[in-house]
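Here is a short note to read beside the model. Keep the structure open and find each residue as you go.

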Amino acid sequence: MKVTWSGMIQFGLVVLPIRLYAATEEHPVRLHEIHVADGSRVEHRRICKAENREIPYEQVGRGYTLPDGRMVPLTEEDLARLPLPTKRTVDVLGFVPFEDIDPISFGRPYYAAPGPGADRPYTLLVEALARTGNVAVSKVALRGRERLALLRPRHGILILQTLLWQDELRDPGDLAPSTPVTDRELELAEVLIRELAGINIGEVHDEYAHALEELVDAKITGGELVEPAEPAPALDLLAALEESVRAAEREHGRPVARPRP
């Protein structure tokens with residue numbers, strides 16, 4: 001794997017070198033932009049607004065806009081001199097229980113492997129976190145910005161998981177419904193949750209690519225697509241819960257412990 005970032009973890013007076021590697025990779029189905037009139041591909045070009053002409057990629061840089069609208073060019077050498085301690089150090093701010101971190105904050109995960117000579121302190125940190133059930137809340141500069149992150153153990157290795165800053169989380173406002181439910185409905189829902197507990201995520205697959213292939217084939221051959229039926233919302237919530245519990249009984253071949261009416 002390619003090294004994404006290299007630097008140090010610092011907690012207290014303990015400093016250990018690490019290397020970050022991307023822990024995940026997505027496999028998106030790419031659709032191209034086309035001109036609807038003739039089906040040809042659409043290109044995006046880099047146009048200089050001042051000169052009103054296309055420029056090559058080598059002439060494209062980055063700049064910071066001042067409040068008065070002026071642009072300050074920043075080179076890679078300028079950014080390399082950024083006076084930011086977390087540019088090369090994962091700065092551990094403190095330790096908290098893993099369950100205290102709201103998953104809505106989770107960003108991208110990285111494998112944090114030990115650097116040269118760091119095996120002993122690295123193993124110590126992994127095992128100490130695993131034994132205490134804590135994670136290390138940290139700051140680190142990655143991908144052009146400083147990020148909040150946590151260090152957590154997984155299968156004997158550290159995972160550095162970036163986190164969103166609190167001001168990046170949107171307030172849901174009044175999205176939550178205010179309609180109450182009955183005790184009977186709640187008890188049946190709990191029974192159904194217990195009966196449907198457990199799933200092997202490794203056996204669940206992305207069906208989008210296959211469905212897209214079927215769509216393309218139908219467009220080429222003039223065939224018909226059979227669209228799956230959409231489930232209808234339950235008009236009688238209690239009846240839907242009771243039928244769901246009965247379906248679970250049939251699937252498992254045994255009676256389900258239900259709450260008394």
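**Notes on the predicted model**

1. Start with R143. R143 counts as exposed, at 59% relative accessibility. Here buried means under 20% relative accessible area, exposed means over 50%, and partly exposed lies in between (1.4 Å probe, protein chains only). R143 sits in the loop between strand 9 and strand 10. Its phi is positive, about 50°, although R143 is not a glycine. Helices (H or I, at least four residues) and strands (E, at least two) are DSSP runs, numbered from the N terminus.

2. A word on the source. This is a predicted model, where local features need pLDDT of at least 70, side-chain atom pairs count only at pLDDT 80 or more, and totals for chains, interfaces and linings use all residues. Residues are numbered from 1 along each chain as its sequence is written, and side-chain values use heavy atoms, with hydrogens and water left out.

3. Now look at H155. H155 also has a positive phi, near 55°, and is a residue other than glycine. Its place is the loop between strand 10 and strand 11 (157–163). H155 counts as exposed, at 73% relative accessibility.

4. Which residues are closest to the centre of the largest pocket? The pocket holds about 520 Å³ of space. Of its 18 lining residues, L79, L82, R143, G144 and R145 are the closest to the centre. A pocket is an open set of points on a 1 Å grid over the protein atoms alone, where a 1.4 Å probe fits, with protein on both sides within 12 Å along at least five of seven lines; lining residues have an atom within 4 Å of a point. Grid points are joined across faces, edges and corners, and the volume is the space filled by probe spheres set on the points.

5. Check what builds that lining. Strand 5 (62–65), helix 1 (76–80), strand 9 (134–142) and strand 10 (145–154) each give two or more residues to the lining of the largest pocket. Helix 1 gives the largest share, three residues. The lining divides into eight nonpolar, three polar and seven charged residues. Ala, Val, Leu, Ile, Met, Phe, Trp, Tyr, Cys and Pro count as nonpolar, Asp, Glu, Lys and Arg as charged, and the others, Gly among them, as polar.

6. The second largest pocket holds about 150 Å³ of space. A211, E214, L225, V226, E227 and P228 line it. Four of these lining residues are nonpolar, none is polar and two are charged.

7. Next, the salt bridges. The structure holds 11 of them. A salt bridge is a side-chain nitrogen of Lys or Arg within 4 Å of a carboxyl oxygen of Asp or Glu. R53 and E51 meet in one (2.4 Å, N to O). R53 is partly exposed, at 39% relative accessible area, and E51 is partly exposed at 46%.

8. E146 and K139 form another salt bridge (3.7 Å, N to O). E146 is partly exposed at 23% relative accessibility, and K139 is partly exposed at 24%.

9. R250 and E243 also meet in a salt bridge (3.0 Å, N to O). R250 is exposed, with a relative accessible area of 55%, whereas E243 is partly exposed at 34%. Elsewhere, salt bridges that share partners join E43, R45 and E54 into one network.
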